Amino acid sequence: MQPQSSRFRAVLTGATALTLAAALAACGSTDGSKGDSAKAGAGKGTATATGSSSASAASSAPGSSAPGSSAPGSSAPGSSAPGSPTAGSTSATAAPAPAAGSGKVLMPTGPQAAFGKARDTAAGQIMMTTLAGPKSGVSGKVWVWLPPEYNDPKYAKTGFPVLTLYAGGQSAGYNTWTDNQLPIQEVDADLAKQGKAHPFIMIMPVQNLDSNEAKALECADIPGQPKIGTWMAEDIPDFVRANFRTVKGRDGWGLMGASTGAFCSAKLALQHPDKFKAAVPIDGYFNPDSPLWKGYENDRQANSPDLLVAQGKADVRMLATAGGANAYEMKLVKAWVAKAAPPLTVEYYEQPGGKHLTTDFKKMIPDTLQWLTKNLAGPQGD
């Protein structure tokens, strides 16, 4: 994990918070940071739904109700998906988005990418490729996990929802959702078997091309810099549709990220509500502060979740979390939630006993997956 930086800052104001009954399961003790994983605190679990400056209370922990349309598969974890990328080399080129049809499923459009194996998990293989984005001109690593159901013959004509995961830290050459500190793949497979979560296709890209935080791209097209924002919002979805069976339209597309990745998930969802329906920014910041914005204030503001949240342009659902042990973070996130303007809907969750730690991110995985399941379409068949 990366060391904490001074970039985690924003305006602090108040927001309504109500106690939740549910606490999350305990985990390990790895230290994290703004550059790392989760931030949680010793306090009350809270959830506040907003669509404007007023707030209403949620009555349960995020993801507490069972989903509607997932079902377990029977194929062995790690088997190759029919018609999906083959193992071998590790490069890919994104394809144009397919034309709309009448069904609910988008079959892969091709060309198929070649993947190498990143690692095996108890829920199947994580694959990796380098995506050369034709729209952005950016080349970067992308990791992919397919749920066991994807390879089950019963689902051969089923489209799956897509969850893109952004890491904490600089995420140049790595993504923390791919290692065993954040076993989201195993949790999702288990919850899907129980009918509590959708079996998601998980896409885990890098966020930066340089490990130097002074060159942070903040998931945006900063003038004069690589167009990583276009790579994330255009090239990666095109790449996913080229290679995998997906749900047509935006209803099956979600974003989630922690710390720096929370900024990315919030920003991209607010900027592209035509592509993404739901997002979970975990313990994030919302004011772009990369040194690369110097001299481009108008562009910086156009990429600021702190401003975008109040514009009333994005029909998106969000769950924003903060750690109860970190008063600064709680004020920061609650202030941002309070700015939400319709049709945007934001729920606030305060993790009991949480700090800005990878281990506290891990505790929230089950609830965040179940919240995403409630707010995104599940597997669809024509």
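The model is predicted: local features need pLDDT of at least 70, side-chain atom pairs count only at pLDDT 80 or more, and totals for chains, interfaces and linings use all residues. Residues are numbered from 1 along each chain as its sequence is written, and side-chain values use heavy atoms, with hydrogens and water left out.

Start with the whole chain. Its secondary structure comes to seven helices and 19 strands. These elements are DSSP runs numbered from the N terminus: helices are H or I with at least four residues, strands are E with at least two. Of the 382 residues, 58% count as buried. Buried means under 20% relative accessible area, exposed over 50%, and partly exposed in between, with a 1.4 Å probe and protein chains only.

Now the interior. A nonpolar core is a set of buried Ala, Val, Leu, Ile, Met, Phe, Trp, Tyr and Cys residues joined through side-chain atoms within 4.5 Å. The largest one here holds 88 residues. Val144, Trp177, Trp231, Met256, Met318, Trp336 and Leu372 touch the most other members. Helix H2 (residues 228-243) gives the most to this core, with seven residues. In soluble globular proteins, nonpolar side chains tend to be buried together. Take Val144 as an example. Leaving aside residues up to four places away in sequence, Val144 touches Phe115, Gln125, Ile126, Met127, Met202, Ile203, Met204, Phe239 and Phe244.

Helix H1 (residues 184-193) is the next stop. Its buried residues are Ile184, Gln185, Asp188, Ala189, Leu191 and Ala192. Their cover includes strands E8 (124-132), E9 (139-145), E11 (162-166), E12 and E14 (253-258), together with H7. After H1 comes Gly195, with a positive phi near 75 degrees.

How does H1 pack on H7 (residues 358-375)? The angle is about 55 degrees, and the axes are 10 Å apart. Axes are lines fitted to C-alpha atoms, for helices over the stretch in contact, and angles run from 0 to 180 degrees between N-to-C directions. H1 and H7 are therefore oblique to each other. Angles under 35 degrees count as roughly parallel, over 145 as roughly antiparallel, 65 to 115 as roughly perpendicular and the rest as oblique. The crossing of H1 and H7 is right-handed; that is, the near helix is turned clockwise from the far one by less than a right angle. Ile184, Val187, Asp188 and Leu191 of H1 meet Ile365, Pro366, Leu369 and Gln370 of H7. By type, the residues of this contact are six nonpolar, one polar and one charged. Ala, Val, Leu, Ile, Met, Phe, Trp, Tyr, Cys and Pro count as nonpolar, Asp, Glu, Lys and Arg as charged, and the others, Gly among them, as polar.

Finally, the loops. A cis peptide bond joins Gly110 and Pro111, with omega about 0 degrees. Pro111 sits between strands E6 (105-106) and E7 (114-121). Another cis bond joins Pro342 and Pro343, with omega about 10 degrees. Pro343 lies between helix H6 (327-338) and strand E17 (345-351).

Glu218 is not glycine, yet its phi is positive, near 50 degrees. Glu218 lies in the loop between strand E12 (201-205) and H2. Glu218 is buried, with a relative accessible area of 4%. Asp283 also has a positive phi near 50 degrees. Its loop runs between strand E15 (278-282) and helix H4 (297-302). Asp283 is buried, at 0% relative accessible area.

Definitions and conventions
Contact = heavy atoms within 4.5 Å.
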